[in-house]
Amino acid sequence: TAAAVPTLAQYPGISQSRPNPPRANQSRTRQVYIPPIPNWTVGHSQRAGTNQIVEWVPRGQTVHRYTKMITLNSFVPRPGVTPNAVLSNFAQRYRAACPRTTVVPVRLSSGYSGVRMDCPRNPTTGRPETVFARALSVYPAMAIIQYMTTYVTMPTEAAQAREFLGRVGIR
């Protein structure tokens with residue numbers, strides 16, 4: 001049997017299916033495309049004005065007790081803010097919250113850029129964390145997508161995280 005894929009129809013601006021091409025004289029709203037995530041489920045979502053967050057966790061886990069999480073944050077930044085600036089700010093804030101974090105740029109699939117952040121011990125959970133992140137411009141909004149584990153991610157899973165983030169797109 002095929003694994004159920006979380007549906008995001010109720011989340012404006014996010015899609016897990018390829019949209020139909022627009023008909024003549026019809027505009028298409030651009031949205032973040034999240035590739036299917038088999039055996040994961042939406043654990044939390046919230047919208048406040050132009051800000052939105054959606055968090056996925058493996059089926060059977062919650063956003064309070066998880067080993068992996070994929071998070072999408074979208075918001076409308078100040079005019080002129082670039083995806084690189086958003087990603088840099090995210091890495092700086094993460095490093096401030098998790099001392100001794102190493103931040104390195106990584107190449108994602110499809111040639112996109114992102115960062116890998118390794119925190120040896122998160123002060124809140126007491127566990128190590130690895131976060132891969134990428135920022136996207138969905139004018140006028142900006143989105144940041146993260147793939148996070150509550151352990152140090154080994155090379156095979158790191159490659160999977162980079163491949164997943166590289167497939168996230170704008171449709």
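Predicted model: local features only at pLDDT ≥ 70, side-chain atom pairs only at ≥ 80, totals over all residues.
Visitor: Let's start with β8. Is strand β8 enclosed or open?
Guide: Strand β8, residues 129-138, is largely enclosed by the rest of the structure, because nine of its 10 residues are buried.

Visitor: Which strands does β8 pair with?
Guide: One is β7, residues 113-119, which pairs with β8 in the antiparallel sense over five bridges. Another is β9, residues 141-149, which is also antiparallel to β8, with nine bridges.

Visitor: How many residues sit between β8 and β9?
Guide: Two residues; the strands β8 and β9 form a hairpin.

Visitor: On to the cores. Which residues touch the most other members of the largest nonpolar core?
Guide: Ile34, Trp56, Ile70, Ile145 and Phe164 do, in a core of 21 residues. At least two residues of this core come from each of β4, β5, β8, β9 and α2.

Visitor: And which element gives the most to this core?
Guide: Helix α2, with four residues.

Visitor: What does Ile70 touch, leaving out residues up to four places away in sequence?
Guide: Ile70 touches Ile37, Trp40, Val54, Glu55, Trp56, Ile145, Gln146, Tyr147 and Phe164.

Visitor: Changing topic: how many salt bridges does the structure hold?
Guide: Three. In one of them, Glu157 pairs with Lys68, and the closest N and O atoms are 3.3 Å apart. Glu157 lies in helix α2 and Lys68 in strand β5, so this pair ties together parts that are 89 residues apart in sequence.

Visitor: What about the salt bridge of Asp118?
Guide: Asp118 forms a salt bridge with Arg116, where the closest N and O atoms are 2.7 Å apart. Both Asp118 and Arg116 are buried.

Visitor: And which residue does Arg167 meet in a salt bridge?
Guide: Glu163, with an N to O distance of 2.8 Å. Arg167 and Glu163 are four residues apart in helix α2, so about one helical turn separates them. Arg167 is partly exposed, with a relative accessible area of 36%. Glu163 also counts as partly exposed, at 35%.

Visitor: Last one. Where does Thr50 sit?
Guide: Thr50 is in the loop between β3 (40-48) and β4 (51-58).

Visitor: What does Thr50 touch, apart from residues up to four places away in sequence?
Guide: Thr50 touches Ser74, Phe75 and Val76. Pro77 is 27 residues from Thr50 along the chain, and their C-alpha atoms are separated by 9.7 Å.

Key. Residues numbered from 1 in each chain as written. Heavy atoms only, no water. Buried < 20%, exposed > 50% of the residue type's maximum accessible area, 1.4 Å probe, protein only. Pairing = 2+ DSSP bridges. Contact = heavy atoms within 4.5 Å. Core = buried A, V, L, I, M, F, W, Y, C linked by side-chain atoms within 4.5 Å. Salt bridge = Lys/Arg side-chain N within 4 Å of Asp/Glu carboxyl O.
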